[in-house]
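This report walks through side-chain interactions, one group at a time. Please look over the sequence and the model first.

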Amino acid sequence: MSEFRQNSLQGMAIMSGAMLILPTMDAIAKYMATFEAMSPGQVTFYRFFFQIACTLPILFALFGLKALSAKRPWMNLLRGVLHGAASLLFFVAVKYMPLADVFAIYFVEPFMLAALSALFLGEKVGRRRWVAIVVGFGGAMIVIQPSYEIFGLKALLPVACAFLFSLYLFLNRAIGEADSPLTMQTMAGIGGTVFMAAALFLGNSSGNADFAVSLPSSSLGLVLLLALGSISGYAHMLVVRAFRLAPLSLLAPFQYFEIISATVLGYALFNDFPSFSKWIGIFIIVASGLFIIWRERLQAQSLKSS
């Protein structure tokens, strides 16, 4: 097996695991808004603040103070701002809408990401891969069947989030290996924290309830916020690692795997049980991702035998 094919398979495996873990963050955000009465803006701020608290000590222990001297600091800080804005929109959406529904609408993002990689990075997206991406996108639409009449303007929040997050992932690839994943995540945490501090101040000053400032009202809430920051920091380091091993267009469909965890958590915590049509959509989403894995393994075996 060639090194490229081996790296691609490793990247896909890492991406799949990260995507199954990440929806836990959104379930925590919805729980905090539903049961702890904490605003989405405040939850988003804590998410980035505790991300720094979790990653910064490790960074200093491994590399000392020079660890923050990133080779591309402004791009890493911009990643944090984009990620902060995307997380804010997503957390506001999950406050009002079922978790699986928000994810389903959000899954226009892999299509956007594949298009960005093809247009600006020159990555080749073959016909079969395009078909798999489009099929997965169609499955996501079956899960939710989004309707402006049902959700109003809130239905557009996951779409805007998807665009911002696709830009964030695009920068992961554009930065390349200039900085370590730990440095990238710490710098992004700083950028996201500063952005959310400003957004929280402006939103709270305007009287917007989604930006109300508060402290955790219980010890469980504090534990959950610490878990939120930890998952954010370490799971996204896995995402950065995956994008260093495989092309954007190859990894994009694996983000559909998030719908699996989102569906399970939505039912377990909030009693949001998917309908039969949503299960069909979930099956299509997973099948599209598995098809990509099968194509890669088939090509790897072909190269090995040649």
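F103 and Y106 are both buried. This is a predicted model, and the two rings form an edge-to-face aromatic pair, 6.4 Å centre to centre with 85° between the planes. They sit 3 residues apart in helix α5, which means that about one helical turn separates them.

**Aromatic pairs**

The structure holds 12 aromatic pairs. Another of them joins F90 and F103, again edge-to-face, at 5.0 Å centre to centre and 70° between the planes. F90 is buried, as is F103. Which residues do ring pairs link into a cluster with F103? The cluster takes in F90, F103, Y106, F165 and Y168.

| Aromatic pair | Centre to centre | Angle between planes | Geometry |
|---|---|---|---|
| F90 and F103 | 5.0 Å | 70° | edge-to-face |
| F103 and Y106 | 6.4 Å | 85° | edge-to-face |

**The salt bridge**

How many salt bridges does a search of the whole structure find? It finds 1. The side chains of K95 and D210 meet there, at 2.9 Å from N to O. The pair links distant parts of the chain, 115 residues apart: K95 is in helix α4 (residues 73-96), and D210 is in the loop between α10 (181-205) and α11 (219-245). Are the two partners buried or exposed? K95 is partly exposed, because its relative accessible area is 27%. D210 has 11% relative accessibility and therefore counts as buried.

**Around F270**

F270 lies in helix α13 (residues 258-270). Its relative accessibility is 14%, so F270 counts as buried. Leaving aside residues up to four places away in sequence, F270 touches A27, K30, Y31, T34, F35 and L265. K30 also places its charged end over the ring of F270, 5.4 Å from the ring centre. P98 is 172 residues from F270 in sequence, yet their C-alpha atoms are 8.2 Å apart.

A charge sits over a ring elsewhere too: R47 lies over the face of F48, 4.1 Å from the ring centre.

**A nonpolar patch**

I58, L62, F63 and Y234 make a nonpolar surface patch of about 360 Å². Helix α3 (residues 40-63) supplies the largest share, 3 residues. F63 is in helix α3. With a relative accessible area of 39%, F63 is partly exposed. Patch residues need over 30% relative accessible area, so F63, at 39%, passes that cut-off.

Terms used
Residues are numbered from 1 along each chain as its sequence is written. This is a predicted model: local features need pLDDT of at least 70, side-chain atom pairs count only at pLDDT 80 or more; totals for chains, interfaces and linings use all residues. Side-chain values use heavy atoms; hydrogens and water are left out. Patches are made of residues with over 30% relative accessible area and no salt bridge: like charges are joined within 9 Å, nonpolar side chains (Val, Leu, Ile, Met, Phe, Trp, Tyr) within 5 Å. Accessible areas come from the Shrake-Rupley method with a 1.4 Å probe; for residues, only the protein chains shown count as cover. A salt bridge is a side-chain nitrogen of Lys or Arg within 4 Å of a carboxyl oxygen of Asp or Glu. Helices (H or I, at least four residues) and strands (E, at least two) are DSSP runs, numbered from the N terminus. Buried means under 20% relative accessible area, exposed over 50%, partly exposed in between (1.4 Å probe, protein chains only). Contact means heavy atoms within 4.5 Å. Rings of Phe, Tyr and Trp (its six-membered ring) pair if their centres lie within 6.5 Å; planes under 30 degrees apart count as stacked, over 60 as edge-to-face and the rest as tilted. A charge sits over a ring if NZ of Lys or CZ of Arg is within 6 Å of the ring centre and within 35 degrees of the ring normal.
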